[in-house]
Amino acid sequence: MGGFDWEVIQRSLPYLFKTGMTFTVELTLIAMVGGIFFGTLLAMMRLSSHKYLSIPAGAYVNLMRSIPLVLVIFWFFFLVPYIGGWVTRSSSPIQVGAFASAVITFTMFEATYYCEIMRAGIQSVARGQVWSGYALGLNYWQTMGHIVLPQAFRNMVPVLLTQTIILFQDTSLVYVISATDFMGAASKIANRDYRLVEMYSFVAVVYFAISFSLSYFVKRLQVKIAVIR
Amino acid sequence: MGYHWNWSILFQPEPGGTGTYLHFLLGGLVWTLATALSAWVIALAVGSVVGTLRTTANPWVVRAGNFYVEIFRNIPLIVQMFLWFFVFPELLPVKWGDAIKQITPPWGSYYTAVLCLGVFTSVRVAEQVRAGIQSLPRGQRMAATAMGLTQAQAYRFVILPQAFRIILPPLTSEFMNIIKNSSVAYTIGLAELTGRSRAMQEFSFQPFEAFAAATTLYLITNVVVVLGMRWLERRVRVPGLIAVEAGGH
């Protein structure tokens, strides 16, 4: 293979960013919000004294964390249509697009990683805080919502953001269900025009630039928070 | 609406003619483990060197180490896989590139996957090694110097033996990660466990049996790794030196 054609990148910029990067960023943001929400619930379940809550939550988290993300993506890709069909009581599995499937997969998968972070966050809050909440007459949800979780979040912000950078990089694996995220868009162009070197190098540079800037930002945030405390 | 379960599919022959689907998946597990173990050798060797170099006093060595770590930490694994597989051979002299492309099928993907996973994991190992070394009291290094050990001897006999014991638990999770991450090699054509369960789904139209079998094999592997590493932790523990916490994470 002689000359490289770097123009191919310029020609496909609108497709790469308007279609691909939009998919990637939307998936990352929705999975982050959903993952932190369900992850926090899972963490509360894991820390609960009720066995009916802590054991299933622990089993779910450990199961998800011991199998590869690619396999989880396959599981949900085939499972979601059936669950959808069951929920809507339709006679056959429903059609689910790649984006919806990816959103559900990444929310449910990342929730287990956010769960472990939030669990550490909740445990980092002094016990006395909980007791004083109860002493003031607050119930469990009020104590959690007004006293424990705000502090847990604040302590864990850098770690949650670092996990989100990992999530951002992991979304590139939706390639395996032929979704058109940034990676998928680039690979479609690469194979159509036979410009694999140019496209994959460009993809690497873009992912690097974004992840590196984000982790630099997180590092600075960490220093800031550390000084305040 | 219902899914037609058929667990006996696992004992039916797969179309490739190598035996039953169960054999097919177990063969995939062998590829998974072979890839993970070979890559682990690279990861541990390179990661230890880079991690150690990043704790030395020479700023240029530290900078080079940081550069290496940042590069491989900020690019997604699948992109790195494609870089090694599609881009790297094109950037070499034509003769070498052609030689690489002519390696017989499973081995080309295998070597690429091992190299890619090894490098990818080495930066994580390097981070752990650096953290382990920096977690030691400064007095250890000072005492070693005071006793007349050279820098290399201080690392070899005082610092690294302690640091490695401290980072054994995080290294265990890195090792489990390398097993899980080897599934990404399926995208460059390696017939490892996840790829084979996908192939089985395509041949047999029984996705859930295929994925459940693969999931079970991954879970068994995890249990074996955890037990093995626990044994190793007990084995190398120096009584009274570093308390190995029971449980936790």
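Quick definition before we start: a helix here is a DSSP run of H or I, at least four residues long, numbered from the N terminus. Keep in mind that this is a predicted model.

Chain A first. Its pattern along the sequence reads α-α-α-α-α-α-α-α. That is 8 helices and 0 strands. The C-alpha trace of chain A spans about 75 × 55 × 25 Å along its principal axes. Chain A has 229 residues, and 40% of them are buried. Now the contacts in chain A with a separation of 6 or more. Of these, 73% join residues 24 or more positions apart.

Next, one helix in chain B. H8 of chain B covers residues 168–181, 14 residues in total. From first C-alpha to last, H8(B) reaches 19 Å, close to the 20 Å expected at 1.5 Å a residue. Which residues of H8(B) are buried? They are B:Leu171, B:Glu174, B:Phe175, B:Ile178, B:Ile179, B:Lys180 and B:Asn181.

Last, where the chains meet. The contact takes 33 residues from chain A and 29 from chain B. On the chain B side, H3, H9 (193–204) and H10 each supply at least two residues. H10(B) gives the largest share, 8 residues. By class, that side of chain B has 18 nonpolar, 7 polar and 4 charged residues.

How values were computed:
Residues numbered from 1 in each chain as written. Chains lettered and ligands numbered in written order. Predicted model: local features only at pLDDT ≥ 70, side-chain atom pairs only at ≥ 80, totals over all residues. Expected span 1.5 Å × (residues − 1). Buried ≥ 20, exposed ≤ 12 C-beta atoms within 10 Å, placed from the backbone. Contact = placed C-beta atoms within 7 Å. Nonpolar A, V, L, I, M, F, W, Y, C, P; charged D, E, K, R; others polar.
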